[in-house]
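Please look over the model shown here before reading the points that follow.

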Amino acid sequence: MECLFCKGPMEKATAPFSVDRKGYHVHWDSLPAWVCKQCGEPYFEGQEVDRIQMALDALDRENPSPSRSAQPVREVHPRS
Ligand SMILES: [Zn+2]
């Protein structure tokens, strides 16, 4: 396997991964990944992508109203 960007050699390592969704941010410090020795670009394998997707799906189920988390709530006061 070689890097898509620089054609450098890849090695099995771990890489951080984060996702921004509506209303929340999910971050993994170290997920198993192939990392380019030359430019450091990480590639996640299918099973890790599945794991990320499952975690996000679980979060979506736990947070049916995504707007309730850390984002500031803008109150609207219409002038009549
Ligand atoms: Zn590379």
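The notes below take up the basis of the model, its fold, and a few single residues.

1. Basis. This is a predicted model, in which local features need pLDDT of at least 70, side-chain atom pairs count only at pLDDT 80 or more, and totals for chains, interfaces and linings use all residues. Residues are numbered from 1 along each chain as its sequence is written.

2. Confidence. The predictor's confidence in each residue, pLDDT, runs from 0 to 100. Its mean over the chain is 85, and 82% of the residues reach 70 or more. Confidence is lowest in α1, at a mean of 89, and highest in β3, at 95. Where pLDDT is low, the predicted coordinates should not be read in detail.

3. Elements. The chain holds one helix and three strands, and along the sequence they follow the pattern β-β-β-α. Both kinds of element are DSSP runs numbered from the N terminus, with helices (H or I) of at least four residues and strands (E) of at least two.

4. Sheet. The three strands form an open sheet in the order β1-β2-β3, with antiparallel pairing. The edges are taken by β1 and β3 (42-43), each with a single partner strand, so one side of each has no neighbour in the sheet. Helix α1 (residues 46-62) packs on the sheet and touches β1 and β2. The direction of α1 makes about 175° with that of β2; such angles run from 0 to 180 degrees between N-to-C directions, the axes being lines fitted to C-alpha atoms, for helices over the stretch in contact.

5. Strands β1 (residues 10-21) and β2 (residues 24-36) pair in the antiparallel sense over eleven bridges; two strands count as paired if DSSP finds at least two bridges between them. Asp 20 has His 25 in β2 as its bridge partner, and Arg 21 stands opposite Tyr 24 in β2. Two residues lie between the strands of this hairpin, where Gly 23 takes a positive phi near 90°.

6. The antiparallel pairing of β2 with β3 extends over two bridges. Val 35 has Pro 42 in β3 as its bridge partner. Five residues separate the two strands, and Gly 40 in the turn has a positive phi of about 80°.

7. With 17 residues, α1 reaches 24 Å from its first C-alpha to its last, close to the 24 Å expected at 1.5 Å a residue. That expected span is 1.5 Å times one less than the number of residues.

8. Burial. How many of the 17 residues of α1 are buried? The count is zero, and α1 is hardly covered. In the chain, 1% of the 80 residues count as buried. The classes rest on other C-beta atoms, placed from the backbone, within 10 Å of a residue's own: buried at 20 or more, exposed at 12 or fewer, partly exposed in between.

9. Contacts. Among contacts between residues at least 6 apart in sequence, 54% join residues at least 24 apart. Two residues are in contact if their C-beta atoms, placed from the backbone, lie within 7 Å.

10. Met 10. This residue is found in strand β1 and counts as partly exposed because it has 18 C-beta neighbours inside 10 Å. Leaving out residues up to four places away in sequence, Met 10 touches Met 1, Glu 2, Cys 3, Trp 34, Val 35, Cys 36 and Tyr 43. Met 10 and Trp 34 are 24 residues apart in sequence, with 5.9 Å between their C-alpha atoms.

11. Asp 29. Strand β2 contains Asp 29, which is exposed, with 9 other C-beta atoms within 10 Å. Asp 29 and Ala 15 are 14 residues apart in sequence and 7.0 Å apart in space, C-alpha to C-alpha.

12. Lys 7. In the segment before β1 lies Lys 7, whose phi is positive at about 65° although the residue is not a glycine. Most residues other than glycine have a negative phi. Lys 7 is exposed, with 10 other C-beta atoms within 10 Å.
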